[in-house]
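Subject: Structure handover

Hello,

Here is the structure we spoke about. Please open it first, then read the notes below.

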Amino acid sequence: MKWLKNALHDKVAMASFTFLVLIAAAGIFAPFLAPHDPKAVHMDLRFAPASWEYPLGNDQLGRCVLSRLIYGIRPSLLWVLAALVLSVGIGGIVGFVAGYFRGRLDAVLMRLCDVMLSFPGYVMTLAIIGIMGVGLENILIAFVLSKWPWFARVIRTSVRQYAEADYVRFAKAIGISDWQIMTRHIALVATPDIAVIASSSLGSMILQISGFSFLGLGIQAPNAEWGMMLSEAREVMFSRPELMLAPGLAIVLTVCAVNFLADALQTALDPKLGRSRQKPQALVSVLDTGISGKSGR
């Protein structure tokens with residue numbers, strides 16, 4: 001695929017992708033990589049500085065900060081990624097069915113999406129937490145309920161565009177089934193669009209789950225999560241600011257890597273974006289050359 005080759009040539013995109021793969025692998029193999037039990041309390045090591053045994057030191061309960069940081073990858077990234085995949089899956093099915101068959105089925109499904117989208121994501125999440133209680137599982141359920149209608153609408157628009165192509169009409173004319181047309185012809189060309197919108201949503205979902213955990217509505221102690229680590233460290237943020245540094249950097253770097261990767265995928269999908277971003281830089285270089293030439297005279 002040409003768009004994938006363009007993305008692979010982007011050094012920032014490859015660095016971001018490599019970073020995310022390493023972070024995800026660290027979360028998957030956390031029991032083997034974490035030097036200590038993230039829940040183990042050692043009050044005699046309370047606020048202990050960094051050492052060979054505890055590379056990032058210990059928190060207010062003497063727990064290993066590095067171990068908690070590694071285990072925090074699971075709810076902060078992996079479970080969010082699972083919720084994103086489920087949201088895209090549900091939205092993709094609804095979007096493909098509505099965009100391809102159209103008619104009354106399209107109208108019914110889109111009215112359902114309109115009803116779901118009428119509730120802001122944060123309001124729906126808080127409502128679900130109020131009904132079902134705090135916890136990571138309830139936040140992930142709220143993510144799926146609030147995200148799938150948006151994905152369905154975007155994917156429907158993409159599918160409607162490709163469903164009008166000549167090769168789809170020819171496939172219908174020669175008797176190819178609708179299922180084969182959607183899976184073999186439309187799904188392949190719509191995959192880049194789905195990848196772009198999914199990757200662009202991942203960063204915001206990571207920030208949201210970290211924010212809810214920071215407020216005490218997400219994952220509960222003694223489990224580790226980056227937002228909760230920030231919440232626990234805010235009580236000593238002036239006396240022990242280093243405790244906020246590790247989870248804060250983890251959130252910032254992960255979200256930046258996701259956004260850089262999403263931007264590269266969008267540029268690879270639409271090369272005009274890359275050329276339009278290069279024009280201001282080219283103009284600046286031309287102006288610099290002209291100014292330097294005049295000064296040389």
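A residue is called buried under 20% relative accessible area, exposed over 50%, and partly exposed in between, using a 1.4 Å probe and protein chains only. Asp114, for instance, is partly exposed, with a relative accessible area of 30%.

Some ground rules. This is a predicted model, so local features need pLDDT of at least 70 and side-chain atom pairs count only at pLDDT 80 or more, while totals for chains, interfaces and linings use all residues. Residues are numbered from 1 along each chain as its sequence is written, and side-chain values use heavy atoms, with hydrogens and water left out.

Overall layout

The chain has 13 helices and 0 strands. Helices (H or I, at least four residues) and strands (E, at least two) are DSSP runs, numbered from the N terminus. Of the 297 residues in the chain, 43% are buried. A contact means heavy atoms within 4.5 Å. Among contacts between residues at least 6 apart in sequence, 70% join residues at least 24 apart.

Nonpolar cores

In soluble globular proteins, nonpolar side chains tend to be buried together. A nonpolar core here is a set of buried Ala, Val, Leu, Ile, Met, Phe, Trp, Tyr and Cys residues joined through side-chain atoms within 4.5 Å. The largest one has 58 residues, and Phe96 and Ile186 have the most contacts inside it. Several helices supply at least two residues each, including H2 (11-28), H9 (166-173) and H12 (242-269). H10 gives the most, with 12 residues.

What does Ile186 touch, leaving aside residues up to four places away in sequence? Its partners are Phe96, Tyr100, Val159, Tyr162, Ala163, Val168 and Ile181.

Helix packing

Two helix pairs are worth a look. Axes are lines fitted to C-alpha atoms, for helices over the stretch in contact, and angles run from 0 to 180 degrees between N-to-C directions. A crossing is left-handed if the near helix is turned anticlockwise from the far one by less than a right angle, and right-handed if clockwise.

H5 (residues 73-101) packs with H10 (residues 178-214) at an angle of about 140°, their axes 8 Å apart. This crossing is right-handed. By class, the contact of H5 with H10 has 21 nonpolar, 2 polar and 1 charged residues. For these classes, Ala, Val, Leu, Ile, Met, Phe, Trp, Tyr, Cys and Pro count as nonpolar, Asp, Glu, Lys and Arg as charged, and the others, Gly among them, as polar.

H2 and H5 pack at about 115°, with axes 9 Å apart. Their crossing is left-handed. On the H2 side, Ile23, Ala24, Ala26, Gly27 and Ile28 take part; they meet Ile73, Arg74, Leu77 and Leu78 in H5. The contact of H2 with H5 has 7 nonpolar, 1 polar and 1 charged residues.

Salt bridges

Side chains of opposite charge can pair when their charged atoms come close. A salt bridge is a side-chain nitrogen of Lys or Arg within 4 Å of a carboxyl oxygen of Asp or Glu. The count comes to 7 salt bridges.

Glu232 and Arg63 form one, at 3.1 Å from N to O. The pair links distant parts of the chain, 169 residues apart: Glu232 is in H11 (residues 226-233), and Arg63 is in the loop between H3 (30-33) and H4 (65-71). Glu232 is buried, at 18% relative accessible area. Arg63 is buried too, at 3%. Asp59, Arg63, Arg68 and Glu232 are linked in a network of salt bridges.

Asp106 pairs with Arg160, the closest N and O atoms being 3.4 Å apart. Asp106 lies in H6 (residues 103-117) and Arg160 in H8 (residues 136-163), so the bridge ties together parts that are 54 residues apart in sequence. Asp106 is buried, at 7%, and Arg160 is partly exposed, at 28%.

Back to Asp114. Asp114 forms a salt bridge with Arg111, with the closest N and O atoms 2.9 Å apart. Being 3 residues apart in H6, the two are separated by about one helical turn. Arg111 is partly exposed, at 46%.

One more residue

Is Thr125 buried or exposed? Thr125 counts as buried, because its relative accessibility is 1%. Thr125 sits in H7 (residues 121-132). Beyond residues up to four places away in sequence, Thr125 touches Ala142 and Phe212.

Best wishes
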